[in-house]
Amino acid sequence: MNLPNRLTVFRILLIPIVILVYLFPYSQFNINMPVYYVVNMPISSVNLIVLLIFAVASFTDFLDGYIARKNHLITTFGKFADPIADKLLVNTLFILFAYRNLIPVVAVIIMISRDTIVDGCRMIASSSGKVVAAGYLGKLKTVLQMVSIVLILLNNIPFEYYRLPISNVMVWFSTFVSFASGISYFNQMKEYIFESK
């Protein structure tokens, strides 16, 4: 297994660690996780640890792609696992946020449904020899989701100080772009989806 693929696997292995850190019942084990204050707004150290893990995972996402392209180490496993690792990480965090009632469940359902449908469409198109590259809306969706995650983990700081619900706005904006990009992908691949053999 080459280095880019190892980085992808490492990113996948970080996901259960994120879940454990975020949901661990610290109080039941008398573990006091400190809370820090930024402009009088509280941020739990748990959120900061999860943010650090997310930052490391995001960096490995950039790094494995860069190394694979630069050194011509692109593999079938990498093409398969890399996008799955990204979606698993992002969707896991959104599910955790919904579980804690930080974001609407409906938004998470729409985004996960979109990913599932697009992946299914890609598989159908791939079986017909068609490779559909990530479009502008798909890339924008990823950026918006990552910004949303960072803002939620930071308790919407600094915007919370001014009572601006930017993290919620970003989640809904991500949802809208996710839905729009899903329609765009579907339109690109519908000839393969509905073709008869």
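Q: What makes the crossing of helix 1 and helix 2 left-handed or right-handed?
A: Helix 1 passes helix 2 in a left-handed crossing; a crossing is left-handed if the near helix is turned anticlockwise from the far one by less than a right angle, and right-handed if clockwise. Helices are DSSP runs (H or I, at least four residues), numbered from the N terminus. This is a predicted model, in which local features need pLDDT of at least 70 and side-chain atom pairs count only at pLDDT 80 or more, while totals for chains, interfaces and linings use all residues. Residues are numbered from 1 along each chain as its sequence is written, and side-chain values use heavy atoms, without hydrogens and water.

Q: Why are helix 1 and helix 2 called roughly antiparallel?
A: Their axes, lines fitted to C-alpha atoms over the stretch in contact, come within 9 Å and cross at roughly 165°. Angles over 145 degrees count as roughly antiparallel, and helix 1 and helix 2 are therefore roughly antiparallel to each other.

Q: Why is Ser 174 called buried?
A: Ser 174 has a relative accessible area of 0%, and buried means under 20% (1.4 Å probe, protein chains only); Ser 174 is therefore buried. Ser 174 is found in helix 6 (residues 166-193), and touches Met 111, Lys 141, Leu 144, Gln 145 and Ser 148 (heavy atoms within 4.5 Å), not counting residues up to four places away in sequence.

Technical notes. Helices (H or I, at least four residues) and strands (E, at least two) are DSSP runs, numbered from the N terminus. Buried means under 20% relative accessible area, exposed over 50%, partly exposed in between (1.4 Å probe, protein chains only). Axes are lines fitted to C-alpha atoms, for helices over the stretch in contact, and angles run from 0 to 180 degrees between N-to-C directions. Angles under 35 degrees count as roughly parallel, over 145 as roughly antiparallel, 65 to 115 as roughly perpendicular and the rest as oblique.
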